[in-house]
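I opened this entry to look up a few positions and how they pack. My notes follow the structure.

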Amino acid sequence: MAEAGTKKNRPLSPHLQIWRWGPHMLVSILHRVSGSGLAFAGLGLLLWWLGALASGPAAYESFAGWVWADLGSLDWSGTGILTGLIKLILKIVVVGISWSFFTHMSSGLRHFVLDIGAGFELGVNRLGSIVAPVAGILLTVAFWAILLLR
């Protein structure tokens, strides 16, 4: 037992001050952020899309005009600036949701491998935590390349 006056001011539990940052921390944070993005932005966009599908061709056309607008044909003068800006932001949100999906999926697959008892060796775990976010980016790029170039 420590004597009075010799007690060190240390945290009671491990904290960020004593841990070194590594790829496993980044992939954990990205997993949480991408899951939250899917839950909020993704769910809102999905509900809008399903509502437009259920409401008929005119509603779906309106949805597609906002979310899938041709950026080259947007009007950037006068009152069209706000509309063009919203359509541009919606495009960025759609790409962000696809990145969020692929990043969350890659991290989930990493967690699945860990849950079955594999990949706990330091080198393998570090490699998996580097591959997960990189795979999310590569899958997003491949998805949009296939979608836009067909």
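For the element names I took helices as DSSP runs of H or I with at least four residues, numbered from the N terminus. The model is predicted.

Entry one, serine 100. I found serine 100 in helix H3, which covers residues 80-115. I then looked for what surrounds serine 100: leaving out residues up to four places away in sequence, it touches Ser34, Gly35, Gly37 and Leu38. The side chain of serine 100 also reaches the backbone oxygen of serine 34, at 2.5 Å.

Entry two, the core. I listed the largest nonpolar core and got 8 residues: Leu45, Ala52, Phe63, Val67, Leu90, Val94, Ile97 and Trp144. Helix H1 (23-55), helix H2 (57-67) and H3 each give two or more residues to this core. H3 gives the most, with 3 residues. I checked tryptophan 144 separately; residues up to four places away in sequence aside, it touches Trp68, Val94, Val95 and Ser98.

I noted a nonpolar surface patch of about 620 Å², made by Leu43, Leu46, Leu47, Trp49, Leu50, Leu53 and Tyr60. Which helix supplies the largest share of the nonpolar patch? H1 does, with 6 residues. I looked up tryptophan 49, which is found in helix H1. Its relative accessible area is 32%, so I logged tryptophan 49 as partly exposed.

Definitions and conventions:
Residues numbered from 1 in each chain as written. Predicted model: local features only at pLDDT ≥ 70, side-chain atom pairs only at ≥ 80, totals over all residues. Heavy atoms only, no water. Polar contact = N/O pair within 3.5 Å; in protein donor to acceptor, adjacent residues only side chain to side chain. Contact = heavy atoms within 4.5 Å. Core = buried A, V, L, I, M, F, W, Y, C linked by side-chain atoms within 4.5 Å. Buried < 20%, exposed > 50% of the residue type's maximum accessible area, 1.4 Å probe, protein only. Patch = residues over 30% accessible without salt bridge, like charges linked within 9 Å, V, L, I, M, F, W, Y side chains within 5 Å. Areas by Shrake-Rupley, 256 points an atom, 1.4 Å probe, with all protein chains shown as cover. Salt bridge = Lys/Arg side-chain N within 4 Å of Asp/Glu carboxyl O.
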